[in-house]
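Good morning, and thank you for coming. Please look at the sequence and the structure together while I speak.

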Amino acid sequence: MGLISGMVAGLLLGVALMAAWSRMMRRRTTKRIAKAADIKVLGSLSREDLKKLCGDIFPEWISFQQFEQVKWMNKQLSKLWPFIAQAATLVVKESVEPLLDDYRPPGIKSLKFSKFFLGNVSPKIEGIRIQNLQPGQIIMDIDFRWGGDPSIVLAVDSIFASLPIQIKDLQVFTVVRTIFQLSEEIPCISAVVVALLAEPEPKIQYTLKAVGGSLTAIPGLSDMIDVTVNSMVTDMLQWPHRLVVPLGVNADTSELELRPQGRLAVTVVKATGLVNMEMIGKSDPYVVLYIRPMFKVKTKVVDNNLNPEWNETLHLIVEDKETQAVIFEVYDEDTLKQDKKMGVAKLAVNGLEPERPTEITLHLLQSLDSLIKTKDKKDRGRLHLSVLYHPFTREEQVEAMELEKAAMEERKRLKEAGLIGSTMDALGGAASLVGSGVGLVGSGIGAGVGLVGSGIGAVGSGLGKAGKFMGRTVTGNLSMSSRRRKQQQQQQQRVE
């Protein structure tokens, strides 16, 4: 009897174990099928879909397999960061403070660091791509992310008040291009080039907080700091601009330096269908255009007209035809307030054929920001241009470099003399190439400045100082509009 009951119990236990195992395998198979379906869906996602899912934390190695993950480097970087931060703090402060003075807007008299420390949180490298595009060089693209805890306080001295501003919640998302120039002598690297790639566009996000006061004490302060930071990054670090650091005593870095590639002659013909920004009468439009924020030029002002004609030719230097673009900003001149932006447009230089005039019509947008552009469908008018690109010879390259340096020194001199508020002010007439020289030929500066041929001279029609105020190009308060001047002249004639 005991034997039979034992056999039955063993049989039932075996059947139960087999049933449980079979059920577990079915569930496992179902999960695997569901997971495989999910993976298939993820595999079908495009780069744009992944960006929407990941947002700003989107790592490059997801869609570009040439980016290799370097977890080991992040571990070492976190250990070394306290020493790197201490050393880099001094270097960055000494390097950036002079730039803050060069790029500060006219509304601010002084902009310096009162406190600067990079913090204890190390950056994160999401991936690295190695390239060998040229012999004797190693090109390394680093997907760089940093959400640190730096302690940065700016001492802001404006025409309204002096206020310490703390920069909080700093986040940096960019791809850093590092170029190593190789040599036969130890340490086998003669120079290093550092730049930020333009694509994907570098993102620097932060929050401003007034220490012991309010940001409203200085009107437009947040916009002014944003403009200063963006201009510094675009003009100094964003590719093709770069920092070249020689490591050897007699290192030849001439091949690594950025050289002018050509001259762009832009004829601003007219604008049509502009949106009126005035409550009474019509807008007084003018156009500011630039490739580098440091070298802005502008057209004359056309009074009381929403379909203005300028027919004005301005010249710009192109340093990298494949990556650079011309930015066009249309403003409405205001005598008493800051000038209003009527629209903005962008023209890529790489689509232009050398020595061939091209007629182009650009649609004005509210902003070049891709998110704003998709939301704002309002027609802001069109800008009609004629563009001619002339590539430089080697002799013209050298001459353009020298004249560009002279133009920069002249802008600094004008700033110190109080004729312009900032080295980034858009100079009237043009910063243009006259013959083989760079010319600031003048309808826009009170004293007038000209760099004609290779010399520096004073020319101009004395329209008063023009500049940027509160982060935007203005002529108000510093110069009178043509309409206002005509009214005063008529009144004076009546009195006589």
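Let me begin with a term: a salt bridge is a side-chain nitrogen of Lys or Arg within 4 Å of a carboxyl oxygen of Asp or Glu. This is a predicted model, in which local features need pLDDT of at least 70 and side-chain atom pairs count only at pLDDT 80 or more, while totals for chains, interfaces and linings use all residues. Residues are numbered from 1 along each chain as its sequence is written, and side-chain values use heavy atoms, with hydrogens and water left out.

First, the chain as a whole. The protein chain has seven helices and 21 strands; helices (H or I, at least four residues) and strands (E, at least two) are DSSP runs, numbered from the N terminus. Of its 496 residues, 43% count as buried. Here buried means under 20% relative accessible area, exposed means over 50%, and partly exposed lies in between (1.4 Å probe, protein chains only).

Now to the charged pairs. How many salt bridges does a search of the whole structure find? The search finds nine. In one of these salt bridges, the side chains of aspartate 141 and arginine 129 meet at 2.5 Å, N to O. Aspartate 141 belongs to strand β3 (residues 137–147) and arginine 129 to strand β2 (residues 124–131), so the pair ties together parts that are twelve residues apart in sequence. Aspartate 141 and arginine 129 are both buried. Salt bridges also link Arg129, Asp141 and Arg177 in a network.

A second pair is glutamate 329 with lysine 341, whose closest N and O atoms are 3.9 Å apart in a salt bridge. Because glutamate 329 lies in strand β13 and lysine 341 in strand β14 (residues 340–348), this pair ties together parts that are twelve residues apart in sequence. Glutamate 329 is buried, at 7% relative accessible area, whereas lysine 341 is partly exposed at 35%.

Lysine 340 counts as partly exposed, with 22% relative accessibility, and aspartate 334 as buried, with 11%.

Contact means heavy atoms within 4.5 Å. Beyond its neighbours within four places in sequence, aspartate 332 has contacts that include Met277, Tyr286 and Lys340.

Proline 285 and valine 330 are 45 residues apart in sequence, yet 6.6 Å apart in space, C-alpha to C-alpha. Not counting residues up to four places away in sequence, proline 285 touches several others, among them Leu274, Trp310 and Val330.

Finally, helix α1 (residues 2–43) is where isoleucine 4 lies. Isoleucine 4 is exposed, with a relative accessible area of 54%. Arginine 28 also lies in helix α1, and counts as partly exposed at 45% relative accessibility.

Thank you for your attention.
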